[in-house]
Amino acid sequence: MTVSKRIVLRFPRRLVERPIVYRLVKDYDLEFNILKASITPEEEGLLVLELKGDQKEYDKGIKFLIKAGVKIQSLSQDVTRNEERCTSCGACITVCPTGAFSLDPKTREVLFDNEKCIACGLCIPACPPRAMEVHF
Amino acid sequence: MARTIAEINEKIKAGKAVVFTAEEVIAVAREKGVKKAAQEVDVVTTGTFGIMCSSGAYFNIGHSTPRLKLGGGRAYLNDVPAYTGLGAADLFMGANALPDDDPRNRIHPGEFNYGGGHVIEELVAGKDVRLAATAYGTDCYPRKRLETLINIKDLNEAVLFNVRNAYQNYNVAVNLSDKTIYTYMGVLKPHLGNANYSSAGQLSPLFNDPYYRTIGIGTKIFLGGGIGFVAWQGTQHNPGVPRTEKGIPKEGAGTLAVIGDLKQMSPRWLMGSSVLGYGCSLTVGVGVPIPILSEEMLEYTAVTDADIYAPVIDYSDAFPNNKPDILAEVTYAELKSGRIKVKGKDVPTASRSSYPRAVEIATTLKEWIRTGKFLLTESVQPLPGAESGAVIKPLNERPIEY
């Protein structure tokens, strides 16, 4: 069975210079798509990946990453909506490049599907009450 | 049939008033017919929740010891400048005010994270706000500096006073240019990439009383989660625009100036807002009850999104340069379908005002009336109507001779 997941990887300083993603391709035959990559002043590496492959190989790849010392989190935990501040106006809908926001046709509430989110951050300043948050 | 506001109030007091929201009454009118529906329905409630820039609040902070005269001095609330052209202890904070050190659009588009609207929201939420003031000092008001925390509960008066709210209809904004633009109508992508609109349509107050037969000066309303009143017609009130056969204005028309005690309002209905590349503002909740005094009023309140047209305007050229060009006229039913046709292109739409929150306002007002908590008022004077000849004028710039 093939799986495709969006994950956030955090590399400690000692791993920043190692070709971790290369090993995912070579040893576990996983496809990757880099959504975001950065190195912070403390030289911690951040990589947001879409990772695709056979479920068994995917699990092995994730195990390899954990063993190497990479911290892994699902992307959906990093992009969240503050429900107290969201007014369901809809300002985000046409701004989002991946269609992660949609309208409930009945209630006209704005729905957020974080599985579609690629954490580009375009919605954050476009939201008047600042309801969208990225926690990187 | 005819009904008076006094009769409706008697029914409200007895807990017998029949009240529907402007959304619900559409089905009632369809099922029963206008005549029968008008006999049965006493009040229809409306609502709108959107960014309304010409909003603000005034405060009386109480006199310090020794006294300081704010009037003619300078004052800041959480670093946002307040207007000090009033008396010794009065301040006015407008929703669009920005801290002196906000970078504005120096790095375009500016984010505008905190301004006057946010100060109003924080005060309403009961949070302490920093007041810093300087004055020139007089014999009777000798003090020159003041720095203190203030809280809404300690202020003598805190009054929301919005000079233009609840616009009767509004433009649909698009961008014909080849670069993204950042407007008060939101981010507009190039080449008709999207279309933004801002009205609750069939639920919006002035669409349900298009000729201002019942809404006038003194009308009691839902304002910011509490109770307020229509103070006057809003600025830019422009009743004489083209209308449909049913009297619905086909572009921005009437507006309301509204006032109410800020102390009984809620941050859920007054939210500081940031408009990318444009500025800070306040999102305001307004709901107006419409008494069904006649069949005509029931017919007005049964208006649907399909009956209401809005003009599509290019915000890259026509709007900034005050050109009258209208690219298309579309209904709110089309806008709410998620796509409209402009110049042969299928354009995705998005709203700037919240329809679910407009429903919540109309429903809240309905419950207040049903449970006898909210009585209707007679207006003291009607707003200028279509026949008044009132029009808004552009600025006539005249050179100054030196």
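Two strands count as paired if DSSP finds at least two bridges between them, and the strands and helices themselves are DSSP runs numbered from the N terminus (H or I of at least four residues for helices, E of at least two for strands). The model looked at here is a predicted one, where local features need pLDDT of at least 70 and side-chain atom pairs count only at pLDDT 80 or more, while totals for chains, interfaces and linings use all residues. Residues are numbered from 1 along each chain as its sequence is written, and side-chain values use heavy atoms, with hydrogens and water left out.

In chain A, strand E1 (residues 2–11) pairs with E4(A) in the antiparallel sense over 4 bridges. Along this pairing, Arg10(A) stands opposite Lys71(A) in E4(A). Both strands belong to an open, antiparallel sheet of 4 strands, in the order E2-E3-E1-E4 (chain A). Its edges are strand E2 (31–39) and strand E4 (71–74) of chain A, each pairing on one side only.

Chain B brings in the aromatics. Rings of Phe, Tyr and Trp (its six-membered ring) pair if their centres lie within 6.5 Å, and planes under 30 degrees apart count as stacked, over 60 as edge-to-face and the rest as tilted. Over all chains, the structure holds 15 aromatic pairs. One of them joins Trp368(B) and Phe374(B), stacked at 6.2 Å centre to centre with 20° between the planes. Phe374(B) also has Lys220(B) lying over its face, 4.6 Å from the ring centre; a charge sits over a ring if NZ of Lys or CZ of Arg is within 6 Å of the ring centre and within 35 degrees of the ring normal.

Note on methods
Chains are lettered from A and ligands numbered from 1 in the order in which they are written.
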